[in-house]
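Subject: Structure for your review

Dear colleague,

My notes on it follow, and I would be grateful if you would read them with the structure open.

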Amino acid sequence: MTTEQRPDTTPKDWKTDYDIFSPAYIKNPFPIWDEIRASECPVAHTERWGSSWMPTKYVDLFNIARDVTNYSSRDVLVAPTGPEPGTENQPNPYAEIPPELQNQDIGAPPITSDPPVHTWARHLLLPVFSATAVAKYEPETRALCRELIDGFIASGTADAAAGYAQQIPPRVIASMLGIPQEESETFTTWVRGFLEQGLTNPEIRGESATKMFMYLWERIQDHKANPRDDLIGYLLNAQVDGQPVPEPHILGTCFLILVAGIDTTWSSIGSAFWHLAQHPEDRKRLIEEPELITSAVEELLRAYSPVTMARYVAADVEYNGCPMKEGDRVLMNFPAANRDPEKFPNPHEVILDRPVNPHVAFGVGIHRCAGSNLARMEMRVAIEEWLKRIPYFELVDPEAVTWAGGQVRGPRICEVKFPAGGK
Amino acid sequence: MKITVDQEKCEGHNRCFVVAGELFELDDYGYAHEVNGGEVPAGMEEKARLAIVNCPEQAILIVEE
């Protein structure tokens, strides 16, 4: 038997050669951020996956997020997509897309838009994601959580990530959009293909995007033929400056809602359960003081922020001595900002009633997550329903927990055990 | 004490409304606006300060009179 030693590509110097897809970073990025943040070079740089910069201090994230002139959102993923589809013997993943969509810049507006398009595209979405608007989906979210718990409570074990957290957002999003919930497993596969495996594999990314575009395009056409009162129906009826919204734009927005509404929220819910499984004192507080849940959700979002979208440097610019070149990416490391000790005392400690918590888990500036109220509602309901019936639970094996990371971080396998039947 | 929400800076995080719902209202887009002309009723100054420090956009200001 031979043992093949794979070359260790773990960065030696995270300040000048970081790799957000390295297993060490995915598993435990917190000490890496601390090291970079405390160094003479708190905006790190790398050439891996293309030239990118990574601020780690709250103040730097705040400044860069608000400068939408120098830092464009035209591309929010860090790894390059590779050669243009269809060239250099690359298969064209968009070949099957209907002809009316070929050569259209579909994107994922408004997350991939800059002003002025961003302004109207965002205003189109905000009213349907307001706290009042998402409250409508709370009863069905609660029923869904109960049903999921019913499925595993008697056994005394559950995968809090794959069997619970991951099951909630796809169904809620499907219900909002007005597409069949039964297909939520398929959505999950596509979204993971796009945002997890696809981040470092352009082929999987392209294929997953194509499948989502094709599926959503069919659903949009179906909504046109059979009008319904749901989010797709709303987008089809909406007008901007007296004109209907172009259908490729509606497609891009539905794509965004599906992608951004699924992977991110389940990551947050999963991390919350990973934390609670290891902190009986926090579970006890939430059970004894249920009114703490709102601030607890904010604190868990701060400590385990899942999302690191990127910006595209629009023109050569210097930021704090960093010579950023046009086309470089800037990783908006809001999760690191949320653990900056200059902004948050004892940043690595989860303090459920942290009184001062201006966290930027949802970003800051004009791209603040439009779905933040939906994510908060899903997180709160998922925790409330679980704790009511399963107040005592712990990790089966802390070493067996697996994480996805890079630009969206959260547990993917997180087995927990509890007294069979709960309580 | 008098406060105001800078509409150029507010991005609709809704944190002020959660921390001090008596002092703010949200419009259909989720943007926050001060109520009662921004006048903070006596005894609510601490809540107003909490809203200010919890705003990620630093959009809430004390109006100097």
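In this predicted model, 38% of the 65 residues of chain B count as buried. The chain holds two helices and four strands, and their order along the sequence is β-α-β-β-α-β. Its radius of gyration is 10 Å, close to the 11 Å that the globule rule gives for 65 residues, so chain B is as compact as a globular protein of that length. The C-alpha trace of chain B spans about 30 × 20 × 20 Å along its principal axes. Among the contacts in chain B with a separation of 6 or more, 66% are between residues 24 or more positions apart.

Chain B also touches chain A: 14 residues from chain B and 18 residues from chain A take part in the contact. On the side of chain B, helix H2 (residues 45-54) gives the largest share, three residues. By type, that side of chain B comprises six nonpolar, five polar and three charged residues.

Strand S3 (residues 71-72) of chain A pairs with S7(A) in the antiparallel sense over two bridges, and Ser72(A) stands opposite Tyr312(A). S7(A) also runs antiparallel to strand S10 (residues 329-331) of chain A, to which three bridges join it; there, Arg311(A) has Val330(A) as its bridge partner.

Yours sincerely

Methods
Residues are numbered from 1 along each chain as its sequence is written. Chains are lettered from A and ligands numbered from 1 in the order in which they are written. This is a predicted model: local features need pLDDT of at least 70, side-chain atom pairs count only at pLDDT 80 or more; totals for chains, interfaces and linings use all residues. Two residues are in contact if their C-beta atoms, placed from the backbone, lie within 7 Å. Ala, Val, Leu, Ile, Met, Phe, Trp, Tyr, Cys and Pro count as nonpolar, Asp, Glu, Lys and Arg as charged, and the others, Gly among them, as polar. Two strands pair if DSSP finds at least two bridges between them. The radius of gyration is taken over C-alpha atoms; the globule rule is 2.2 Å times the number of residues to the power 0.38. A residue is buried if 20 or more other C-beta atoms lie within 10 Å of its own, exposed if 12 or fewer, and partly exposed in between; C-beta atoms are placed from the backbone.
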